[in-house]
Amino acid sequence: MKSQKAVIFGLLAAFGVYRQLSSIGGGGLGNLLSTDISFVLPPNEDSSIAAVVQHHTGNLNESSPLQISVRTGNKSDEDEPADTIYLRTNTDENIIVPSEAHLKNRTATTIAEFSGNVSCWNNTRVIIDGHKFQSMKGGPEALLQLALAFQSFTPTYYYFAKDRPKYRRKRFRINGEFLKNYGRAEMYRPPLVGHKELRKGDILIIPEVDSCPKELVRRGVHVYIWLLRTRTKEENDLDLRLGCQLLSHTFWASHANDVQLPRNRIIRSYITPQVLAENNASVIDESMRHPARRKEERLVLLNHEVTPVMKIAIEDSCIQHNCTVIQVKGFTRLEVPLLLRRATMLIEPCMMGSERTAIEAVIQGTLLLTQACETALDPRDFPLPQHHLISNISGISSKMRLLLDNYENEWQYLEEMRTLYRYNVSRTSMEEEAKNFFHSGCWEYL
């Protein structure tokens, strides 16, 4: 049997098309895009429809011209492919959506193409792990920001694995500082979902400190582990074998340790809006009008995770270079910015992720000196000059002296990084990256 092609173009009213698709699909356009359906075509006939479709759930917008065409072919005939149904809109940025339609006495593979602002995960819930939201740390804040990003365009939930709803609501907490920075109503809008309520087709995103929940994978939940910090190859391989997939918080983690993630699997969080508001360009410019203050005080801050060996080397160097060392440990979140505004430089050990203290320090006008490893090696995460990187501990003294004695000049080298995190990596950019990831899922389950 030879394949036949026929394309009929026409514009039908939105609800007329919806009713027609409902009659042939038993569930409307939403089902056609997301689930298996059954309908009958007359033998050896092709059919197509072009229409303007209105679909309020966000699958297709009102002005999307839709064309459905069917190429027939007998499944049992070796020379002919299986029947294929194409759904497409006339747009430059198309996304392919997998689905299957069962025709009478033959099988058809359905491929849909539509614009990038349309979700291919029809009726799919995005669920963000919410177990640590009561902790005022970078990881929980990043997860809250991720929930806000998905909430901007698709139904979003918090995962809190207590299966009795009343107990779950009683125990779930969001830190007061987060509520102050992002808004109580907005933070508490997503409903809570317990372990037993996760279902096939859900997208669950958990942090890298958690292991792959294989029982959820077996249930059909799409589990993604968000790499907030770089992990070993063995850790990543184990979770991949168990059926989980990876997302990255930084460019570095997307390709480190044999991980090879595409751009649509990178979702970056942003600096707390309140921190940016308190340290806008005018504040930083004002501090730069008096660089002698920082140069005079010669205050060197150490990240709390710096190793004992590195700490000793820095303290010995400060004796030589007449500087004061303070380790950033035990200070409140309000005290840290005040400390950063006084400091000449912050010294970080090997940065395993997108280190908020380091980024906030640079935004505050503080110089950054860090070890040449992990995220510091990818300029898309940390655009630092080479002489701000420490290759070995023995060379730390000379690097410190260079930065201490030339604060005004060295400050200029960090303008690219200040611009990146003050303006470019933002709530808006995170929402766009979340959308790109969400829509790219269409390709992964063909």
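Me: Which cysteine pairs with Cys318, and how far apart are their sulfur atoms?
Reply: Cys318 forms a disulfide with Cys323, the sulfur atoms being 1.9 Å apart, where a disulfide is taken as a pair of cysteine sulfur atoms within 2.5 Å. This is a predicted model, in which local features need pLDDT of at least 70 and side-chain atom pairs count only at pLDDT 80 or more, while totals for chains, interfaces and linings use all residues. Residues are numbered from 1 along each chain as its sequence is written, and side-chain values use heavy atoms, with hydrogens and water left out.

Me: Why is that one left-handed?
Reply: The torsion about the S-S bond of Cys318 and Cys323 is about -110°, so the disulfide is left-handed.

Me: Are those two cysteines buried or exposed?
Reply: Cys318 is buried at a relative accessible area of 4%, and Cys323 is buried as well, at 11%; buried means under 20% relative accessible area, exposed means over 50%, and partly exposed is in between, with a 1.4 Å probe and protein chains only.

Me: How many disulfides does the structure hold?
Reply: The structure holds 3 disulfides. One of them joins Cys212 and Cys244, with sulfur atoms 2.0 Å apart. Cys212 sits in the loop between strand 10 (203-207) and helix 7 (214-218), and Cys244 in the loop between helix 8 (233-241) and strand 12 (245-248), so this pair ties together parts that are 32 residues apart in sequence. Here helices (H or I, at least four residues) and strands (E, at least two) are DSSP runs, numbered from the N terminus.

Me: What about the torsion of Cys212 and Cys244?
Reply: It is about 85° about the S-S bond of Cys212 and Cys244, so that disulfide is right-handed.

Me: And what does Cys350 pair with?
Reply: Cys350 forms a disulfide with Cys373, their sulfur atoms 2.0 Å apart. Cys350 is partly exposed, with a relative accessible area of 26%.

Me: Switching topic, how many helices and strands are in the chain?
Reply: The protein chain has 18 helices and 17 strands, and buried residues make up 52% of its 446 residues.

Me: What share of contacts is between residues 24 or more positions apart?
Reply: Counting contacts (heavy atoms within 4.5 Å) with a separation of 6 or more, such residues account for 63% in the protein chain.
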